[in-house]
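Student: I have a model open and want to learn how to read it. Where do we begin?

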Amino acid sequence: MTTAVLWLRRDLRLGDHPALAAAQDCADEVVPLFVLDDVLLGPAGAPRRAFLFRCLRDLQERTGGALRVLHGRPQDVLPDLVRRVGASNVHISTDAGPYGRTRDAAVAAALGEVPLLDLGSPYAVTPGSLTKADASPYRVFSPFFRAWQERGVRGPAVAEGPVRWTDGGVPTVAVPDDPDLGPVELPEAGERAGLARWREFADADLADYAEQRNRPDADRTSQLSVYLKYGCVHPRTLLSDLGEGPGPAAYRRELAFRDFYADVLWHAPDTARDEVQAPMSGLSYDTGPEAERRWEAWVTGTTGYPIVDAGMRQLAGAAWMHNRMRMVTASFLTKDLHLHWRRGAAHFLALLRDGDLPSNQHGWQWVAGTGTDPSPYFRVFNPVRQGREHDPDGAYVRRWVPELRDVAGAAVHEPWLLPGGVPTGYPERVVNHADERVVALERYAQVRG
DNA sequence: AGGCCCTTGAC
DNA sequence: TCAAGGGCC
């Protein structure tokens, strides 16, 4: 009887797992393992932690209770488990995530002669593996995207026949209780739920995704980000199932963006907090009591700009925000309120159920003009224009900002123009967009010399 | 080396 | 139309 250890990092799925297929080639039974380290138990946002814990409970059920959950650092707890189940035939999948390399080296050293089988990233296709001809990493999306498409993506791995799960006689710790979520509701966790969501999206919304994806009032995005983050579904599976046409092409491009940012951060882990464009770290930001009041207004969705407030209230109330609203609210924080993108990015990570380091930090950097694309610093989103363009009937604003529910149509985007003035309970604007836009441009000009 | 290109914008 | 400079081949 030979045993394999399936070390699930954030790839919390069984259906198309390459490690599982590999394990079945050389072992009779499999011990599924998840290591809860302090990062996952500590400062991670409550929605993400709750979703993770629910995924683990789902896996526990699907493996007939065999899933082992260990608490500690992988390099400390793995060797003991490996020794208990018999080290001669153990295979382990590894992670190619941004910080995976250091940890993998520590784990490999701790395991000694036991092979660590590298099967790629659990949640993206290419991090660390695509470079330019001179072996340097890409810094601009479009060339990356061309290379990514040219390279192609291998199909999902399929295990042969049913798997014999075993707990290997290894003790486990209980999956923690969900943290308090308040009014936030999460989608159903786990691989089956993720695949069901994919089929729903592919049948109903994929065809006109290219036009509909920018409409926060329509709710026709895939909602798969949280499943992708935890590897409940792998992009490989989606890509192999995607088909052709404008909708699928647009979706493929979004999946490539995940890979691009994962790749950027893999090559330059420091850019999780430092500006990609080094000179931009000299940008000046507002500080002091007034700046703090403006921060508070942004966080609580009381800036007086309806589209911004709707986005921020969706974030707080749903632990999710439509992608276009992420750009609009991020632009408002950095360019209208002159506060640091890093602070906004940390706030997003704390509240978003799908908050993922590469996409979040580099999405923010892109909006802030400090990121991988060198051009857009002079683009300042106009909140009124964005509202009128992408929420033309005002339905999204009314859904999230009850003070404005009685205002019909697109007029909801400029409540200060209403004949009766700003409705009771809704705040006046914290800043004047036209003025702050000029201030922002001046500050960028200073840095650029 | 030179020339083409660059995620989603605004006035 | 504007914007500007560097990535990329």
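**Reading the model**

Tutor: Begin with the surface near DNA strand B, sorted by class: eight nonpolar, three polar and six charged residues. Keep in mind that this is a predicted model.

Student: How many residues surround DNA strand B, and which are the closest?

Tutor: The count is 17. S142, F257, Y261, W366 and N382 are the closest.

Student: Now the chain as a whole. How is chain A divided?

Tutor: Into domain 1 (3-121), domain 2 (123-155 + 192-267) and domain 3 (278-448). Note that domain 2 is written as two segments, 123-155 and 192-267.

Student: How far apart are the centres of domain 1 and domain 3?

Tutor: Over C-alpha atoms, 39 Å separates them. Seven residues of domain 1 are in contact with eleven of domain 3.

Student: How do I read a nonpolar core? Which residues have the most contacts inside the largest one?

Tutor: The largest nonpolar core has 58 residues. L12, F51, W148, W198, L224, Y227 and Y251 have the most contacts inside it. Helix α3 gives the most to this core, with eight residues. Domain 1 and domain 2 each supply at least three residues.

Student: What does Y227 touch beyond four places in sequence?

Tutor: Its partners are F51, P187, E188, G190, A193, G194, R197, C232 and V233. There is also a second, separate core of 38 residues, with A310, M321, L333 and A345 among them.

Student: How do I read a helix that is partly covered?

Tutor: An α-helix has 3.6 residues a turn, so residues three or four places apart point the same way. Now take α15 (residues 341-351), whose buried residues are W341, G344, A345, H347, F348 and L349. The elements covering them include α3 (46-62), α12 (289-300), α13 (306-318), α14 and α16 (357-368).

Student: And H340, is it buried or exposed?

Tutor: H340 counts as buried because its relative accessible area is 19%, under the 20% cut-off. This residue sits in the loop between α14 and α15. A polar atom of the H340 side chain lies 2.9 Å from the backbone nitrogen of R342. Leaving out residues up to four places away in sequence, H340 touches E275, Y285 and L333.

Student: Sequence distance and spatial distance can disagree. Where is G45, and how far is it from F348?

Tutor: G45 is in the loop between α2 (38-41) and α3. G45 and F348 are 303 residues apart in sequence, and 9.2 Å apart C-alpha to C-alpha. Beyond its neighbours within four places, G45 contacts L349 and A350. G45 is buried, at 4% relative accessible area.

Student: Last topic: backbone angles. What should I look for in phi?

Tutor: Most residues other than glycine have a negative phi. A135 has a positive phi of about 70° and is not a glycine. D219, also not a glycine, has a positive phi near 55°.

Student: Where are A135 and D219 found?

Tutor: A135 is in the loop between α5 (100-111) and α6. D219 is in the loop between α8 (209-212) and α9 (225-229). A135 counts as exposed, at 56% relative accessibility. D219 is partly exposed, with a relative accessible area of 45%.

Methods
Residues numbered from 1 in each chain as written. Chains lettered and ligands numbered in written order. Predicted model: local features only at pLDDT ≥ 70, side-chain atom pairs only at ≥ 80, totals over all residues. Heavy atoms only, no water. Near = heavy atom within 4 Å. Nonpolar A, V, L, I, M, F, W, Y, C, P; charged D, E, K, R; others polar. Buried < 20%, exposed > 50% of the residue type's maximum accessible area, 1.4 Å probe, protein only. Helix = DSSP H or I, 4+ residues; strand = E, 2+ residues; numbered from the N terminus. Contact = heavy atoms within 4.5 Å. Polar contact = N/O pair within 3.5 Å; in protein donor to acceptor, adjacent residues only side chain to side chain. Core = buried A, V, L, I, M, F, W, Y, C linked by side-chain atoms within 4.5 Å. Domains from an automatic or database assignment.
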